[in-house]
Amino acid sequence: MHREVQGGNTLLISGPASAAVTSGKVAVLGMELAEGDKIIVRRGKSIPFEAEVNSVLDIVLGAEASVHEEAGSTIPDSWREGVEEIISQEKPCTVMVLGDVDSGKTTFSTFLINKTLASEFKPVIIDVDLGQSNIGPPTSISLGFISEPLADLFSAKPTAIFFTGLTSPNGITNRVVSGLEAIRKRVSEGMMDLTVINT
C-alpha cells in the first residue's frame with residue numbers, strides 16, 4: 001500500500017513489515033532515508049518513520065502487522081537532550097543505558113548511535129541483554145562495531161561474543177562482569193570514540 005504522511009508526523013510500523021520511501025524525506029531513529037531506501041521491520045518490533053516533509057512510503061504488512069500515524073515526533077525531548085550532552089563530552093566516552101524491561105533501551109541506543117555517527121563519532125555497541133540479545137545469540141554479551149546508520153541493532157554483526165550460559169544475570173553476576181570486562185578490552189584495541197553498553 002502507498003501511505004502518505006504529513007511532514008512533521010511519524011508513522012509507527014509494527015512488523016512483520018517493510019517500508020520503502022517513494023518520495024519525500026524520512027528519518028528512522030536518526031538515520032536519514034533516501035528515496036528508494038527500504039527498511040524491514042521484524043515481527044514484534046515497532047519502528048518510527050519520521051517525515052521531515054510530506055512523504056510517501058510503500059508499505060507491505062505481514063500477518064498481525066500494523067501502521068498508524070502519530071502527530072509530531074515519537075522521540076522524547078529527553079532523548080535528544082541526552083544525545084546532545086553525550087556528543088559534547090570529551091572522546092572517548094562510555095554510556096551505559098539502564099531502564100526497566102521494554103522501556104526503550106535498545107531504541108534509545110540505536111538513536112544514539114545514529115546521531116553520533118552523523119556527528120562523525122566512531123561508535124561501538126556492547127549488548128548485555130542476556131535474554132533479548134539483538135547482536136548475538138541469547139545468553140551472550142556481544143560486541144558490534146558500527147560504521148553505518150541502522151534502523152535495528154539486530155542488523156549489526158557481532159565482532160566478539162562472550163557466552164554466560166543463562167538468559168538472566170541473577171546468580172551469575174561475577175561471570176557477567178568478567179564477560180563485560182573481556183569484551184571492553186576489545187573496544188580499547190579498536191580506538192573508538194563512543195562505547196554504548198545496552199543492558
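**Figure 1. Ser 14 and Ser 46 meet side chain to side chain.** In this predicted model, a polar contact of 2.6 Å links the side chains of these two serines. Ser 14 sits in strand β2, which covers residues 10–14. Look around Ser 14 and, setting aside residues up to four places away in sequence, you'll find that it touches Val 41, Lys 45, Ser 46, Ala 65 and Ser 66. Ser 46 therefore turns up both as a polar partner and in the list of residues touched, since a polar contact is a pair of N or O atoms within 3.5 Å and a contact here means heavy atoms within 4.5 Å.

Figure 2. Pro 16 belongs to the loop between β2 and β3, the latter being residues 17–23.

**Figure 3. Ile 39, a buried residue of strand β6.** Strand β6 takes in residues 38–41, and Ile 39 is part of it. Is Ile 39 buried or exposed? Its relative accessibility is 9%, and anything under 20% counts as buried, so Ile 39 is buried. What does Ile 39 touch, not counting residues up to four places away in sequence? The list runs to Ala 17, Ser 18, Ala 19, Met 31, Leu 33, Ile 47, Phe 49 and Ala 151. For a sense of scale, pick out Asp 127 too: Ile 39 and Asp 127 are 88 residues apart in sequence, and their C-alpha atoms are 22 Å apart in space.

**Figure 4. Thr 164, a loop residue that is buried.** You'll find Thr 164 in the loop between β13 (160–163) and α3 (173–190). With a relative accessible area of 7%, Thr 164 is buried. Its side chain has two backbone oxygens to look at. A polar atom of that side chain lies 2.7 Å from the backbone oxygen of Thr 139, and the side chain also reaches the backbone oxygen of Leu 166 at 3.1 Å. Leaving out neighbours within four places in sequence, Thr 164 is in contact with Leu 130, Thr 139, Ile 141, Ile 172, Arg 175 and Val 176.

**Figure 5. Val 187, buried in helix α3.** Helix α3 holds Val 187, whose relative accessible area of 7% makes it buried. Which residues is Val 187 in contact with, once its neighbours within four places in sequence are left aside? They are Val 124, Ile 126, Leu 143, Met 192 and Thr 195.

**Figure 6. Glu 64 and Glu 120, two glutamates with a positive phi.** Most residues other than glycine have a negative phi. Glu 64, though, has a positive phi, near 70°. Glu 64 lies in the loop between β8 (55–61) and β9 (66–70) and is exposed, with a relative accessible area of 75%. For Glu 120, phi is positive as well, at about 65°. Its loop runs between α2 (105–118) and β11 (123–127). At 69% relative accessibility, Glu 120 counts as exposed.

**Figure 7. Stepping back to the whole protein.** Three helices and 14 strands make up the list of elements. The radius of gyration is 17 Å, close to the 16 Å that the globule rule gives for 199 residues, so the protein is as compact as a globular protein of that length. Along the principal axes, its C-alpha atoms fill a box of roughly 50 × 40 × 25 Å. How much of the protein counts as buried? That's 47% of the 199 residues. Among contacts with a separation of 6 or more, 68% are between residues 24 or more positions apart. The accessible surface comes to about 10000 Å², and carbon and sulfur atoms account for 51% of it. As for charge, there are 16 positive and 25 negative charges, and their mean positions are 8 Å apart.

Notes:
Residues numbered from 1 in each chain as written. Predicted model: local features only at pLDDT ≥ 70, side-chain atom pairs only at ≥ 80, totals over all residues. Heavy atoms only, no water. Helix = DSSP H or I, 4+ residues; strand = E, 2+ residues; numbered from the N terminus. Rg over C-alpha atoms; globule rule 2.2 N^0.38 Å. Buried < 20%, exposed > 50% of the residue type's maximum accessible area, 1.4 Å probe, protein only. Areas by Shrake-Rupley, 256 points an atom, 1.4 Å probe, with all protein chains shown as cover. Lys, Arg positive; Asp, Glu negative; His and termini not counted. Charge placed at Lys NZ, Arg CZ, Asp CG, Glu CD. Polar contact = N/O pair within 3.5 Å; in protein donor to acceptor, adjacent residues only side chain to side chain.
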